[in-house]
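Let's take a walk through this model together. Have the sequence and the 3D view open, and we'll go from sheet to rings to helix.

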Amino acid sequence: MLRCLLSEGAIESPVRMDNNGHRKGDAEMLGGDRANPPAGERKYYTLEIDYAGASRLAIHQWVNKSEQMKGFHPAHEQPFRGLRFAEPPQIEFVRSRKLSALRDAESVTLGIWLISDRLKNLIEQLDAEAFVFQPVIVDYSRFPEAGPAYWFVYIMRTLDCVDEERSVIRYQDDPPGIKNYLGLGDVRMRPEVVGSAHAFRLIYATTRLIVDDIIVDALRAEKIRGFRFQPIQA
């Protein structure tokens, strides 16, 4: 499942832009075939928590968060951004009304997601190397019976895999010397870099969790609740 703050920066080198501030790749300028990708080319999506219908959901609280965040200093290259757990996080689900649904994925903080045991098992089958997990203790005392086990999850894999010449990307133009993607209008990946990976972050857009159609199809087939998918190809 999943950094929540979008870093911003500038273009490192001159690029050709369209009237909307998007980068124009060579394929686009020459009448290329990005709208009709080669047969078998994988499709990619941003994966985000879906906040629709939040009023009907049980609210989760990280009970020992303040204690576990003491002395925390972000380290982007480390699991959970450097957050260390001396003891398991304690999560309490609070029912806002008589029927409050539990979902498979919820946002926590710092790009950490709270996921159900069945979702953990599914993503381990699909791409276990992309993720790190931390078991949590769940308090179901306000429910008539105990629910599923939950985990914290964080995605570690970061790739520099965008084929910028074949993509339409909007860049931040300041401060100088730093490049970041602000808008992913029509993105093509370099398959030799992606390899067999199904989930990853982009090196120039680390807050974006990217997944391919293999993961999206599996999440839909298993009726996993809590996500929304946004295609990043036109």
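Start with strand E5 (residues 112-116) and strand E8 (residues 150-155), which run antiparallel and are joined by four bridges. Two strands count as paired here if DSSP finds at least two bridges between them, and the labels are DSSP runs numbered from the N terminus: helices (H or I) of at least four residues, strands (E) of at least two. Within this pairing, Ser 116 sits opposite Tyr 150 of E8. A quick word on ground rules: this is a predicted model, where local features need pLDDT of at least 70 and side-chain atom pairs count only at pLDDT 80 or more, while totals for chains, interfaces and linings use all residues. Residues are numbered from 1 along each chain as its sequence is written, and side-chain values use heavy atoms, with hydrogens and water left out.

Zoom out a bit and you'll see that E5 and E8 belong to an open sheet of four strands, ordered E4-E5-E8-E6 with antiparallel pairing. Strand E4 (105-109) and strand E6 (131-135) stand at the edges with a single partner strand each, so one side of each has no neighbour in the sheet. From one strand to the next, the twist averages 35°. Helix H3 (residues 117-127) lies across E4, E5, E6 and E8, running at about 105° to E5; axes are lines fitted to C-alpha atoms, for helices over the stretch in contact (heavy atoms within 4.5 Å), and angles run from 0 to 180 degrees between N-to-C directions.

Look at Lys 120 next. Its charged end sits over the ring of Phe 133, 5.0 Å from the centre, and Lys 120 also lies over the face of Trp 151, at 4.2 Å from the ring centre. The rule for this is NZ of Lys or CZ of Arg within 6 Å of the ring centre and within 35 degrees of the ring normal.

Now for rings meeting rings. Rings of Phe, Tyr and Trp (its six-membered ring) pair if their centres lie within 6.5 Å, with planes under 30 degrees apart called stacked, over 60 edge-to-face and the rest tilted. By this rule there are twelve aromatic pairs. One of them is tilted: Phe 80 and Tyr 154, 6.1 Å centre to centre with 45° between the planes. This pair links distant parts of the chain, since Phe 80 is in the loop between H2 and E3 and Tyr 154 is in strand E8, 74 residues apart. Both Phe 80 and Tyr 154 are buried, meaning under 20% relative accessible area, against over 50% for exposed and partly exposed in between (1.4 Å probe, protein chains only). They also belong to one aromatic cluster with Trp 62, Phe 85 and Phe 152.

Finally, head for helix H5 (residues 213-221), where Asp 213, Ile 215, Val 216, Ala 218 and Leu 219 are buried. These buried residues pack against several elements, including H3 and strand E1 (44-49). What caps the N-terminal end of H5? Asp 212 does, with a side-chain oxygen 3.1 Å from the backbone nitrogen of Ile 214. The side chain of Asp 212 also makes a polar contact with the side chain of His 198 (2.6 Å); such a contact is a pair of N or O atoms within 3.5 Å, where within protein one must be able to donate a hydrogen and the other to accept it, and residues adjacent in sequence count only if both atoms are side-chain atoms. His 198 counts as buried because its relative accessibility is 17%.
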